[in-house]
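Here are my notes for you, as numbered points. Please keep the model open beside them as you read.

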Amino acid sequence: GLERGAKNQFSTFSNFITTINQKKEGIGNRNSPTLVIPNIKNVRDLPPICLDVRQKQRISIDTLPQELKAPIPPEPSLPIRTKTVKDFQDDVEKAKSSGYWKAVHDFYSTTFDSFLEINAAFKKDTNSPFNTIEDSGINAKFVNVVYDALLNTPQDVQKSVLKGIINGLLQEWKGPRTKDDLRAYCILLQNPQFSNTSTYVIYAHLLRQIAALTEADHHFLVHWSKKISQRRFKQLVDRLLQFISLRLFPAKPEEFPPMVKCTWWIPSATKVLALFNAANSLISPPIISYTDFYNSTLDHIDLMEEYHNWQCYGNSHRFSFCQYPFIISIAAKKVIIQRDSEQQMISIARQSLVDKVSRRQKPDMNMLFLNVKVRRTHLVSDSLDELARKRADLKKKLKVTFVGEAGLDMGGLTKEWFLLLIRQIFHPDYGSGFFRVFVFRVGGFLFNFYNFLTENIKQMPLLLLMGLAVYNSITLDIRFPPCCYKKLLSPPIVPCDHNTLVGICDVTLDDLFQIMPELAHGLSELLSYEGNVEEDFYSTFQVFQEEFGVIKSYNLKPNGDKIPVTNQNRKEYVQLYVDFLLNKSIYKQFAAFYYGFHSVCASYALLLLRPEEVEILVCGSPELDMSALQRSTQYEGYQKTDLTIRYFWDVVLAFSLDLQKKLLHFATGSDRVPVGGMADLNFKISKSETSTNWLPVAHTCFNQLCLPPYKNKKELKQKLIIGISNAEGFGLE
C-alpha cells in the first residue's frame with residue numbers, strides 16, 4: 001500500500017460533497033466538513049470491524065443542490081480577439097500546404113498564455129457574463145477544432161501551449177475565482193496533450209487547482225461538464241483514469257517524481273473525476289455508463305487495506321479510494337464484501353468456540369457452521385424449519401447436507417441447495433395459499449409485494465435467502481425489478497432506531513414501467529394529454545387497489561378524494577401515485593424483506609454499492625460465454641490439443657443455451673455466471689481413467705469435470721447429454 005495522504009488544500013471539496021448530502025437530507029451547516037454517513041452508534045447488528053471505528057465517510061454525489069449562492073467577483077476586461085473557427089481552419093490548411101506555421105503558432109501561444117486570453121478566444125460573447133449553471137458561455141465547437149488540430153502541429157507549437165498553461169497555473173490568485181477562471185479550467189481539462197505521460201506534472205497541477213476550488217465553483221463545473229458531448233466526455237474520464245493507473249503502476253518510474261513528493265496526484269485526479277461522475281448522474285439517461293468510471297487497475301492494489309483505512313480514518317484527511325466507490329469495479333467490490341463476510345464468519349465462529357469452552361463443554365466442528373440438513377422431497381419445509389431454528393447461526397459459514405446422500409459440502413452442495421430452493425419457491429405454480437411471493441411475467445420472475453403474505457411466521461426465514469446468498473458469495477437465478485435494489489440500499493446500513501423508515505427511495509415512472517407497464521403507460525399518456533384533464537378524465541387524488549379480493553380506496557394527499565386532477569397538478573398526481581405504489585402501499589412487506597436481507601448481509605461494504613451492482617452480486621451475469629470458458633479452462637491429464645478435448649468443445653459450443661446451462665449446473669452446482677465472468681469459475685477438465693462406458697462425473701465444490709477419453713465425438717455428445725440432463729444428487733467415489 002502506497003501512502004496517498006490527501007493535503008489540506010482539498011478540504012473545500014469535502015465541504016462541497018457534504019453540502020450535497022446535507023441538502024438532500026435537509027441537514028444544517030453547509031460548511032461542515034463532516035460527511036453524512038450513519039454513525040456507529042446508530043447502527044445495529046454490525047460486528048466490530050476495527051477497535052477505533054470513527055464516523056464513516058462516503059462521498060456521494062447522486063443529487064446536487066440548486067444553484068449555490070456565492071459572491072460573483074467582477075470579471076476583468078478581456079482582450080479583443082476576432083478569429084473565428086473558419087479563420088483558424090484556413091490558417092491550419094495554409095500552414096500544412098506551405099509548411100509555414102507562424103500564424104498558427106502565434107494563435108496557440110497567445111490563446112493559452114493566460115486564463116484571460118483563453119476566455120478571449122473561446123468565450124461566445126466577451127461582453128456577456130455567462131455566470132449561470134445553464135450556460136458556460138464556451139464556444140465548444142471552436143475549442144474542439146483547436147484541440148483536434150493541436151496534436152498535428154509541429155512540436156514548437158505544442159510546447160508553446162504547455163508553456164502558456166504553466167504560466168496560467170503559476171499565476172498568483174487573490175480572492176475567489178471568477179467565472180472566467182472556471183471557464184479556463186473547463187477548457188484546459190479537455191487538452192488532448194494530457195494523454196501523454198510527459199505532460200503529467202503540468203496535468204497534476206491543473207487537477208490540484210481544480211480539486212481545491214470551492215464547493216460553489218465545483219457546482220458550476222459539474223453543470224457545465226454535463227453539456228460536453230458524449231465522445232469528449234468519455235475521453236476526459238478515460239484520461240483521468242489513465243493518469244491514476246500510471247501513477248499507481250508507472251511503466252517507466254523515472255518519468256515521474258518520487259511518490260513521496262507527489263502523494264497529492266491521485267487524490268486530486270480522483271476528486272476531479274468525482275465531478276464528472278456527478279455530472280453524469282444528473283443526466284437521464286447518463287452520458288456514459290457508470291461502468292466507464294471503473295478503474296480495473298485498482299483490482300491489483302490491496303483493497304482490504306483501502307477498506308480498513310476508510311473504516312478507521314474515514315473522517316480524516318487520509319485518502320482512500322473507498323471514499324469514491326464509483327471508481328472501484330464490481331469485481332473489486334465483490335472481493336471486499338466477500339472478505340468482509342469471511343472476517344465476520346471467523347469472528348462469530350471464534351466467539352462460539354470461546355463460549356463453549358467457557359462453559360466447559362466439549363467443542364465440535366459443527367458449532368463453527370450454519371448447518372442445514374434437508375430432504376430433497378421436502379426441500380422447502382425442511383429449509384424453513386432449519387433456518388427458523390438456527391437464526392443465531394446465520395452469520396456463520398453455511399454448510400448443507402442432503403439427507404441420504406454421501407456428498408460433503410465444500411461449496412457445491414450449498415450452490416445446489418440455493419438453486420433448487422429458489423426454483424421451487426419462485427415458481428409461479430408454487431405456494432398456492434402458502435407463500436405466493438412472485439408472479440410470473442414474460443421474460444422471467446418479477447417481485448410482487450401485493451401477494452406477499454408475511455402474516456405466516458413460518459415463511460419469514462425465506463426473507464433471509466437473498467442476504468444469505470450474498471453473504472456466502474452465491475449467485476441466484478432470480479430477477480427483481482431495479483427499484484427493489486434501490487429500496488434495499490435505502491439506507492445501506494440498518495438504523496438502530498426502529499422508527500426510522502427503511503426501504504423508501506425516490507421512484508419514477510421508469511421504475512413503474514418495469515413492474516406495471518400498462519399502468520405506467522396510462523400515466524405517461526395522462527402527462528402528455530393535450531386536452532382538458534379535469535373534464536375528460538374526471539379523476540381525483542384518490543386511488544383504488546384490490547387486496548385479497550376487497551377494493552380499498554386511498555387518498556394520495558389529505559382530502560385527496562375532493563381534489564380533482566388537472567393539467568396543472570397532474571405531474572404531482574403521477575409522482576404521488578408512483579410513490580404510493582412502490583413505497584407506501586408495500587411498506588410493511590418490503591420492510592420485512594429489507595430487515596431479512598440486512599440481518600445476514602449487514603456490512604459497511606454495502607455503502608460502496610450502487611443498486612445495479614447489488615443486482616449483479618445477487619444474480620450474477622445472465623450471459624453465458626462458453627468461448628470465454630474455453631479460453632480460461634485448465635486441464636489435468638489432458639492437453640487442450642487432445643482429440644477428446646477438441647471433441648468436447650465442438651459439442652459444447654454447438655449446444656443450445658438450455659444445454660449449456662445444464663452443463664454449467666452439472667459441473668459447478670449453479671447455472672449462474674459469477675461477477676468476474678467465466679474466468680472466475682476456475683473451471684477444470686480432468687482425465688478420468690475409467691471405462692468409456694461411464695458417464696462424466698463432476699466435483700461441484702471445485703468446478704471440476706472428470707471426462708473419460710471417449711473414442712469419438714458422437715459418443716462424447718451422447719454420454720455428456722445423459723450426464724448433464726440427470727444431474728441431481730451427490731455421492732462419493
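1. Phenylalanine 115 and tyrosine 185 are both buried, where buried means under 20% relative accessible area, exposed over 50% and partly exposed in between, with a 1.4 Å probe and protein chains only. This is a predicted model: local features need pLDDT of at least 70, side-chain atom pairs count only at pLDDT 80 or more, and totals for chains, interfaces and linings use all residues. Residues are numbered from 1 along each chain as its sequence is written, and side-chain values use heavy atoms, with hydrogens and water left out.

2. Across the whole structure, a search gives 34 aromatic pairs. Rings of Phe, Tyr and Trp (its six-membered ring) pair if their centres lie within 6.5 Å; planes under 30 degrees apart count as stacked, over 60 as edge-to-face and the rest as tilted. Phenylalanine 115 and tyrosine 185 make an edge-to-face pair, at 5.2 Å centre to centre with 80° between the planes. This pair links distant parts of the chain, 70 residues apart: phenylalanine 115 belongs to helix α4 (residues 115-122) and tyrosine 185 to helix α7 (residues 179-188). Helices (H or I, at least four residues) and strands (E, at least two) are DSSP runs, numbered from the N terminus.

3. Why is the pair of phenylalanine 194 and tyrosine 203 stacked? Their ring centres are 4.7 Å apart and the planes are at 10°, so the pair counts as stacked. Both phenylalanine 194 and tyrosine 203 are buried. Elsewhere, one aromatic cluster is formed by Phe88, Phe107, Tyr108, Phe112, Phe122, Phe142 and Tyr147.

4. Now a look at helix α12 (residues 303-313): eight of its 11 residues are buried, so the helix is largely enclosed by the rest of the structure. Among the buried ones are Leu303, Tyr307 and Trp310. The buried residues of α12 pack against α13 (330-358).

5. Two arginines deserve a glance. The charged end of arginine 247 sits over the ring of tryptophan 265, 5.5 Å from its centre, and arginine 376 lies over the face of phenylalanine 402, at 4.0 Å from the ring centre. The criterion is NZ of Lys or CZ of Arg within 6 Å of the ring centre and within 35 degrees of the ring normal.

6. Finally, confidence: the protein averages a pLDDT (the predictor's confidence in each residue, from 0 to 100) of 82, and 83% of the residues score at least 70. Where pLDDT is low, the predicted coordinates should not be read in detail.

Technical notes:
Contact = heavy atoms within 4.5 Å.
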